[in-house]
Amino acid sequence: MAATTQSLAELNAAVGRASGGRLAATIQGPAETRVEGLAPLATAGPADLAFLANPRYRNDALTSRAAAIVLSPESARQLSGAGERLPVLVVVDQPYAWFAFAAQLLHPAGPVVPGVAGTASVATSARVDPTAGVEAGAFIGERARIGAGARIGAGAVVGADAVIGAGSRLHPRATVLDGCRLGERCIIASGVVIGADGFGFAPLDGRWIKIPQVGGVVIGNDVEIGANTTVDRGTLGDTVIEDGVKLDNQIQVAHNCVIGAHTVIAGCVGIAGSARIGRGCQIGGAAMIAGHLTIADGCAIGPGTLVASSLTEPGHYTGFFPLMKNRDWERAAAIIRNLDDLRDRLRQLESQLRQGKQP
């Protein structure tokens with residue numbers, strides 16, 4: 001993405017507008033300083049904006065050549081007392097959010113080029129808004145609807161009766177299959193498949209009989225789905241992803257799942273069928289979510305955690321065994337296998353002590 005150049009004063013005002021007035025930074029130093037790019041503290045140059053999030057990078061901040069550093073008031077106080085020459089400081093209560101808005105402003109997404117490429121295939125019954133762009137090799141199926149300002153990337157597929165909301169973007173080779181509906185301002189990365197058949201089979205005499213998956217996928221507004229993630233269509237009803245959900249790369253969302261608004265899920269998570277995940281949850285990478293359970297609003301689930309039953313209260317849940325040398329793990333595993341016996345022996349000893357007997 002091409003970068004723009006803005007002064008810190010212009011950028012601060014723009015971030016304020018973009019955040020609805022929730023983010024207003026104090027600039028310690030010349031507000032007319034101009035920035036045009038983003039870079040880490042250690043490698044930033046005199047036209048770059050950098051970000052200090054972790055105190056362990058304090059020394060990098062003290063020696064940084066960045067034009068400006070975005071940081072919290074506490075971090076600014078710690079740096080200001082160091083007696084070093086510092087870059088301009090952009091001080092704000094929520095520095096990560098300010099930096100995120102600034103990054104969007106400095107590196108805006110490329111504009112949509114309206115029109116349909118000559119090598120794209122668009123069904124005669126499909127409706128493509130005149131302001132939308134359909135790039136080379138894309139396919140738009142019968143009765144599909146493409147909203148205003150949407151961008152359908154090269155080689156992307158939009159199936160029959162599918163809906164792509166205004167301002168949404170399908171990156172090259174993304175796929176939204178028949179009857180699936182995508183809200184406004186969504187970002188669907190390359191390799192994503194929305195609306196593939198769910199994993200539904202009925203056993204009969206040692207064989208498996210396919211159950212047709214006749215539901216769809218309904219995705220709300222401002223959803224982002226990372227590369228090679230799959231969202232299966234429902235067996236009967238729909239799979240639902242609500243507004244503001246952010247999914248990382250290589251996630252499996254099975255049929256008839258519901259993911260509540262503004263939940264974020266990191267890479268390689270697997271979610272089995274008919275799981276219901278609440279609003280505002282945070283799920284770490286490689287977590288496994290069993291089917292037909294419910295996760296309450298506001299739950300945080302650690303990476304690698306197996307969720308095998310419903311979580312009815314918000315909280316931070318973790319279920320992985322810490323990394324250790326293999327011989328130590330084998331020793332711990334042997335102890336775990338004997339826990340039942342150890343528990344019984346402990347209860348027997350406690351009973352003897354209560355009765356005044358010598359063990």
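**Entry 1: Ala-100 and helix α4**

I began with Ala-100, which I located in helix α4. The model is a predicted one, and I kept this in mind throughout.

I then looked up how far Ala-100 lies from Val-15. In sequence the two are 85 residues apart, while their C-alpha atoms are 9.2 Å apart in space.

**Entry 2: The sheet**

Next I traced the strands. I found an open sheet of five strands with mixed pairing, and I noted the order as β2-β7-β6-β5-β4. Which strands stand at the edges? They are β2 (26-28) and β4 (37-38). Each of these has a single partner strand, so one side of each is left without a neighbour in the sheet.

**Entry 3: Strands β5 and β6**

Strand β5 covers residues 48-51 and strand β6 covers residues 68-71; the two run parallel and are joined by three bridges. I recorded two facing positions. Ala-50 is opposite Ile-69 of β6, and Phe-51 is opposite Val-70 of β6.

I also checked which way the side chains of β6 point. Ala-68 and Val-70 point one way, whereas Ile-69 and Leu-71 point the other way.

Helix α1, residues 8-18, lies across β2, β5, β6 and β7 (88-91), and its direction is at about 165 degrees to β2. Helix α4, residues 95-106, also packs on the sheet, where it touches β4, β5, β6 and β7. I noted an angle of about 155 degrees between the directions of α4 and β5.

**Entry 4: A nonpolar surface patch**

Finally I turned to the surface. Phe-321, Met-324, Trp-329, Ile-335, Ile-336, Leu-339 and Leu-342 form a nonpolar patch there, with about 660 Å² of accessible area together. Which element supplies the largest share of the patch? It is α5, with three residues. Helices α5 (326-337) and α6 (339-354) each contribute at least two residues.

Met-324 sits in the loop between β39 (316-317) and α5. Met-324 counts as partly exposed because its relative accessibility is 33%.

How values were computed
Residues are numbered from 1 along each chain as its sequence is written. This is a predicted model: local features need pLDDT of at least 70, side-chain atom pairs count only at pLDDT 80 or more; totals for chains, interfaces and linings use all residues. Side-chain values use heavy atoms; hydrogens and water are left out. Two strands pair if DSSP finds at least two bridges between them. Helices (H or I, at least four residues) and strands (E, at least two) are DSSP runs, numbered from the N terminus. Contact means heavy atoms within 4.5 Å. Axes are lines fitted to C-alpha atoms, for helices over the stretch in contact, and angles run from 0 to 180 degrees between N-to-C directions. Patches are made of residues with over 30% relative accessible area and no salt bridge: like charges are joined within 9 Å, nonpolar side chains (Val, Leu, Ile, Met, Phe, Trp, Tyr) within 5 Å. Accessible areas come from the Shrake-Rupley method with a 1.4 Å probe; for residues, only the protein chains shown count as cover. A salt bridge is a side-chain nitrogen of Lys or Arg within 4 Å of a carboxyl oxygen of Asp or Glu. Buried means under 20% relative accessible area, exposed over 50%, partly exposed in between (1.4 Å probe, protein chains only).
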